Amino acid sequence: MASTVYFVSLRAENEHSTVLGRLKTCARKLLEGKLSSGDLVAVKLHFGERGNHGFIRPVFVRAVVEVVRELGGKPFLTDTNTLYTGFRHNAFDHLETALFHGFGYPAVPAPLVIADGLRGKDHREVEVNLRHFRKVPIASAIQEADFLLVMTHVKGHIEAGLGGAIKNVGMGCASRVGKQMQHGGTFLPEIRKEKCIGCRRCILHCPQGALFLDEHRKAGVRPELCIGCAECLLFCPTGAIDAAFSAKSELLQERMVEHAFGALKEKGEKVAFLNFLLDISPDCDCAPWHDASIVPDIGILGSSDIVAIDQASADLINKAWGLENSKLGKTLPPGEDKLSAVHPTALWQRQIDYAAEIGLGSKAYVLEEV
Ligand code: SF4
Ligand code: SF4
């Protein structure tokens, strides 16, 4: 059966039909009847790495938080710590980064909680009994919340192809151990020595100390330490790290989906998803930069079905014109797969197919304009 996916257009001609107003209407449609007064509502976000500006604007988060409060919920803004060494690696740095990006009380009236604690170790094991895992570790504050409201900036992703709601929940609600479980053995960097300029960026960002500079000042890998997180690939400025022969994106995507299954398992009806198809960059907001959009801004989607909303997001991106002044490098017509064009080793459809296979939702959807 087809699921409803609400669509909030970005068109607005006067103050009586603002995008913010229609976003609030969409949020009410998703929350009314499901959110109970007194519910602790985890508003799952990505606060953006320092240097990135593609994350969801606080003004949108405020609008949604206001609806949660109207309905008697107790919202808190949340995310988990990163594996890689950046500005969201522990709760102290993560909270400062969130405030730096405008997610403080003056802009959004909801407290900040880093869901997996000070160092990313606070989690609850959830039994899933699926193909890859029997149990998955889900960040405590997300697991203990009464309601999970997922707000996702949709974009490409270097290892998963698509960074949508499934990725935001699967990777983003897992503790550090869960992130390692998803990445393990999915990627081993291959260094093209002729392209390496010895800048050490990969070494600085590797969470495992698995990279070094050799006697010729070229990067080398200690395979026994590598957990396959692919952060080195993201940070290398010269393309010296080759993903073509070593990435196992399908495996990563399936593991991610099993973590999403764990995060949603005990929530039942108490979930809602909002996907923001704005500033659709080729890479995720973990990058300390934000690249030009690969397609024009599209709108905001809302659904209770995590599979339907991601399928609709990918379809809308691929139905749009691809922009030449982006990582695509040329104009691509509607119908061509822009996500696969920017990450040809990470074919995004697997996460959606597998999520549908294990019963997380439906790939069939009906778009309903709000
Ligand atoms: S993929 Fe391996 S070498 Fe690269 S950053 Fe991750 S752990 Fe380090
Ligand atoms: S980031 Fe790239 S260029 Fe810099 S040292 Fe690592 S592999 Fe070499």
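## Before you start

Residues are numbered from 1 along each chain as its sequence is written, while chains are lettered from A and ligands numbered from 1 in the order in which they are written. Since the model is predicted, local features need pLDDT of at least 70 and side-chain atom pairs count only at pLDDT 80 or more, whereas totals for chains, interfaces and linings use all residues.

## Two domains

The chain splits into domain 1 (3–183 + 249–369) and domain 2 (190–242), with bounds that come from an automatic or database domain assignment. Their C-alpha centres are 29 Å apart. Where the domains touch, domain 1 supplies 10 residues and domain 2 supplies 10 residues; a contact here means that C-beta atoms, placed from the backbone, lie within 7 Å.

On the domain 1 side, 4 of these residues are nonpolar, 4 polar and 2 charged. In this scheme Ala, Val, Leu, Ile, Met, Phe, Trp, Tyr, Cys and Pro are nonpolar, Asp, Glu, Lys and Arg are charged, and the others, Gly among them, are polar.

## Around the ligands

Ligand 1 is surrounded by 15 residues, the closest being Cys206, Ala210, Cys226, Cys229 and Cys232. A residue counts as near if its C-beta atom, placed from the backbone, lies within 6 Å of the molecule. This shell has 12 nonpolar, 2 polar and 1 charged residues.

Ligand 2 has 14 residues around it, and Cys196, Cys199, Cys202, Ala219 and Cys236 come nearest. Its shell holds 10 nonpolar, 2 polar and 2 charged residues.

## Helices that pack together

Helices (H or I, at least four residues) are DSSP runs, numbered from the N terminus. Helix α9 (residues 249–265) packs against helix α12 (residues 349–357) at about 40 degrees, and their axes are 9 Å apart. Axes are lines fitted to C-alpha atoms over the stretch in contact, with angles from 0 to 180 degrees between N-to-C directions. The pair is therefore oblique, a word for angles that are not under 35 degrees (roughly parallel), over 145 (roughly antiparallel) or 65 to 115 (roughly perpendicular).

Glu250, Gln253, Glu254, Met256, Val257 and Ala260 of α9 meet Arg350, Gln351, Tyr354 and Ala355 of α12. Among the residues of this contact, 5 are nonpolar, 2 polar and 3 charged.

Helix α9 also packs with helix α6 (residues 176–183), at an angle of about 145 degrees and with axes 8 Å apart. Here Gly178, Met181, Gln182 and His183 of α6 touch Leu252, Arg255, Met256 and His259 of α9.

Note on methods:
Two residues are in contact if their C-beta atoms, placed from the backbone, lie within 7 Å. Helices (H or I, at least four residues) and strands (E, at least two) are DSSP runs, numbered from the N terminus.
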